[in-house]
Amino acid sequence: MKISRTKKRLSNNVWYIPISVLAAVGLMFYLSSVLRAISMAGRYGLIEAEIPVVQVPIQDTGFKNFAEKGSETLSADTPLILLTRDAFFFGTVGAFAQDLTNVRNKFYIPHADGAPQLNRLAKDMERWMQEKAEETGKTRSRTVLFLPTEEIPMPIVIQCISGLRSSKLFDKVVVGGGLL
C-alpha cells in the first residue's frame with residue numbers, strides 16, 4: 001500500500017483574498033470615523049477675528065505696452081451692405097442714415113431662389129464704387145460695413161463675409177447688428 005505525500009485541501013474555493021480586502025476596508029472605515037469623532041469640537045461658535053484689508057491697485061503691464069493705431073475712419077461715404085431675407089441693399093452710410101426708405105441713393109440686388117447673389121453684388125459694387133470715385137475724386141474705401149438682419153442664419157452671414165473678402169474689393173469687413 002502506497003501513502004500519498006500530498007496534503008488534501010479541505011475546500012476548493014479560495015476566499016482568503018476577498019475576505020482580507022474587505023476586512024482592511026472595514027477597518028479603515030472604522031478608524032476614519034473614530035478619528036473624525038475624536039477631532040470634532042463638541043461645541044460650535046463664532047470666533048471674532050480682524051482681517052486687515054488693504055486696497056492695492058493691480059499693475060497691468062500689458063496694457064501700457066500695447067497700443068493700436070487706427071488705420072481707417074468710417075465716414076458717411078463708407079460703403080454699407082444690408083442683407084435681408086429677400087435681397088442685398090447697398091449704398092453709403094449717409095444714404096442709410098438720412099432716409100432709409102429713399103430708393104434713389106441705394107441699390108437693390110434680389111436673391112435668386114433664396115440664395116444671395118454674391119458675384120452680382122461684387123460686380124455691381126465694383127462698378128458703383130468706380131463711378132463714385134470718379135464723381136467725387138476721392139479714393140475708394142477699402143472697408144465695408146456689413147449689416148445682416150436678425151433672421152439671417154449665421155452660416156449665410158459667414159459665407160457672405162468670406163465672399164466679400166475674396167472679391168478683393170475690400171480689405172476689412174466690419175459686421176454690425178441691431179442697427180436697423
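Visitor: How many residues line the largest pocket, and which lie nearest its centre?

Guide: Sixteen is the count to remember: the largest pocket is lined by 16 residues, with D77, K138, T139, R140 and S141 nearest its centre. The model is a predicted one, where local features need pLDDT of at least 70 and side-chain atom pairs count only at pLDDT 80 or more, while totals for chains, interfaces and linings use all residues. Residues are numbered from 1 along each chain as its sequence is written, and side-chain values use heavy atoms, with hydrogens and water left out.

Visitor: What is a pocket?

Guide: Rolling a probe the size of a water molecule over the atoms shows where empty space is left. On a 1 Å grid over the protein atoms alone, a cavity is a set of points where a 1.4 Å probe fits but cannot get out, whereas a pocket is an open set with protein on both sides within 12 Å along at least five of seven lines; lining residues have an atom within 4 Å of a point. Grid points are joined across faces, edges and corners, and a volume is the space filled by probe spheres set on the points. Here the largest pocket has a volume of about 300 Å³.

Visitor: Which helix gives the most to the lining of the largest pocket?

Guide: Helices (H or I, at least four residues) and strands (E, at least two) are DSSP runs, numbered from the N terminus. Helix α4, residues 118-136, gives the most to this lining, with five residues. By type, the lining has four nonpolar, seven polar and five charged residues. In that count Ala, Val, Leu, Ile, Met, Phe, Trp, Tyr, Cys and Pro are nonpolar, Asp, Glu, Lys and Arg are charged, and the others, Gly among them, are polar.

Visitor: Is S141 buried or exposed?

Guide: Buried means under 20% relative accessible area, exposed over 50%, and partly exposed in between (1.4 Å probe, protein chains only). S141 has a relative accessible area of 16%, so it is buried. It sits in the loop between α4 and β4 (143-148).

Visitor: What does the side chain of S141 reach?

Guide: A polar contact is a pair of N or O atoms within 3.5 Å; within protein, one must be able to donate a hydrogen and the other to accept it, and residues adjacent in sequence count only if both atoms are side-chain atoms. The side chain of S141 reaches the backbone oxygen of T143 at 3.1 Å. A plain contact means heavy atoms within 4.5 Å. Leaving aside neighbours within four places in sequence, S141 is in contact with E72, T78, P79, M129, L169 and F170.

Visitor: What pattern does the protein chain follow along the sequence?

Guide: There are five helices and five strands, in the order α-α-β-β-α-β-α-β-α-β. Of the 180 residues, 24% count as buried.

Visitor: In which sense do β1 and β2 pair?

Guide: Two strands pair if DSSP finds at least two bridges between them. Strand β1 (residues 79-83) pairs with β2 in the antiparallel sense over five bridges, and L83 stands opposite F88 in β2. The two form a hairpin with three residues between them. β2 also runs antiparallel to β3, joined by four bridges; there F90 has F107 in β3 as its bridge partner. Five of the six residues of β2 (residues 87-92) are buried, so this strand is largely enclosed by the rest of the structure.

Visitor: Which residues of β4 are buried on one side and which on the other?

Guide: T143, L145 and L147 are buried on one side, and V144, F146 and P148 on the other. Six of the six residues of β4 are buried, so β4 is largely enclosed by the rest of the structure. β4 pairs with β1 in the parallel sense over four bridges, and I81 has F146 as its bridge partner. β4 and β5 are parallel too, over four bridges, with L145 opposite V174 in β5.

Visitor: What is the relative accessibility of Y108?

Guide: Y108, in strand β3, is at 48% and counts as partly exposed. Not counting residues up to four places away in sequence, Y108 touches A87, F88 and F89.

Visitor: Where is D113, and what is its phi?

Guide: D113 lies in the loop between β3 (107-110) and α4. Its phi is positive, about 55°, although D113 is not a glycine. D113 is exposed, with a relative accessible area of 84%. K168, also not a glycine, has a positive phi near 65°. K168 lies in the loop between α5 (154-166) and β5 (172-175) and is exposed at 63%.
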